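My entries are below, in the order in which I made them.

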Amino acid sequence: MQLEEKKVDRRILKTKKAIKDAFTDLIMKNEIDTISIAMITEQANIGRKTFYLHYYDKYDLMDQIIAEYLEELGLRCNQNKIKRLGFEASTLEWFTFLDENFSLFARLFQSKAATSFRNQFLVFVSEQLRKKEKLAASKVSLAFKLQFLSYAVTGIIEEYITKDYRHKKQEVAKQLSIIVKQNLTL
C-alpha cells in the first residue's frame, strides 16, 4: 500500500501567499489592531469568505506568518549545526537573518499588539538554547536558567531591532555568544 502525499492545490498556495503579502504590507503602514479583515482582503484581492477558509482571524494569520519566519530561522540553525559552525558564527547567523527581515521584525517588536510575536520568539529562543548544549550544572534549576537566558536573548534581540544596531551586528553577536556560552557547557 503506497502512502499518497496530500498535494496542496496551487490556487490555495497562491491565495495564502496573497493574504500573507497583503497583511505584511499592511503591518508596515499600520498598527496591527487597526488592520481589518476588509483591508487584508481588499489588498489581497480576495473575498472575505476566502480569508476565513484559511485563517480564523488576523491574529491567527499573524501567528502563522511568525511561525513561518521562526521555522526558517530554525532551519538555518540546524544547517549551522550540520556545518559545525562555532557558537559565535551561529549567533551571527541569527543577526544576519534578522537584518534580512529587519522591517518586519521592527514593526512586530514596536507594535502594541506584538505580545504574540514576543511570546513565540521567546519560545523559539528557549528551544534553540535547549538544543545548543547541555546547560551547566549549578544550584539554579534548569528550567529557571533556560527561562532567564531566553528572556535575556530575546531582550537583546529586541533592543538590536528597535534601536537599529545593524551597524554593530558583529559586536552584538560576539558579546551575546560569549554571555550565553558562559552559561552553557559541553
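**Ground rules.** I am working with a predicted model, in which local features need pLDDT of at least 70 and side-chain atom pairs count only at pLDDT 80 or more, while totals for chains, interfaces and linings use all residues. Residues are numbered from 1 along each chain as its sequence is written, and side-chain values use heavy atoms, with hydrogens and water left out.

**Whole chain.** I find nine helices and two strands, taken as DSSP runs (H or I of at least four residues for helices, E of at least two for strands) and numbered from the N terminus. Along the sequence they follow the pattern α-α-α-α-α-α-α-β-α-α-β. Of the 186 residues, 40% count as buried, that is, under 20% relative accessible area with a 1.4 Å probe and protein chains only, where exposed is over 50% and partly exposed lies in between. Taking contact as heavy atoms within 4.5 Å, I note that residues 24 or more positions apart make up 68% of the contacts with a separation of 6 or more.

**Helix H1.** Residues 10–29 form this helix of 20 residues, which reaches 29 Å from first to last C-alpha, close to the 28 Å expected at 1.5 Å a residue, the expected span being 1.5 Å times one less than the number of residues. Its buried residues, among them Thr-15, Lys-20 and Phe-23, pack against helices H2, H3, H4 and H6.

**Thr-15.** A polar atom of its side chain lies 2.8 Å from the backbone oxygen of Arg-11, and, neighbours within four places in sequence aside, Thr-15 contacts Ile-46, Thr-50 and His-54.

**Core.** A nonpolar core is a set of buried Ala, Val, Leu, Ile, Met, Phe, Trp, Tyr and Cys residues joined through side-chain atoms within 4.5 Å. The largest one has 47 residues, and Phe-23, Ile-40, Trp-94, Phe-95, Ile-157 and Ile-161 touch the most other members. H4 gives the largest share of this core, seven residues. Beyond its neighbours within four places, Phe-23 has contacts that include Ile-40, Leu-61 and Ile-65.

**Annotated region.** UniProt, in an unreviewed entry, places a "DNA-binding region" at residues 36–55; positions follow the numbering used here, feature names are shortened, and annotations may be inferred rather than shown by experiment. Over residues 36–55 I read 75% helix and 0% strand, with the end C-alpha atoms 13 Å apart.

Terms used
A polar contact is a pair of N or O atoms within 3.5 Å; within protein, one must be able to donate a hydrogen and the other to accept it, and residues adjacent in sequence count only if both atoms are side-chain atoms.
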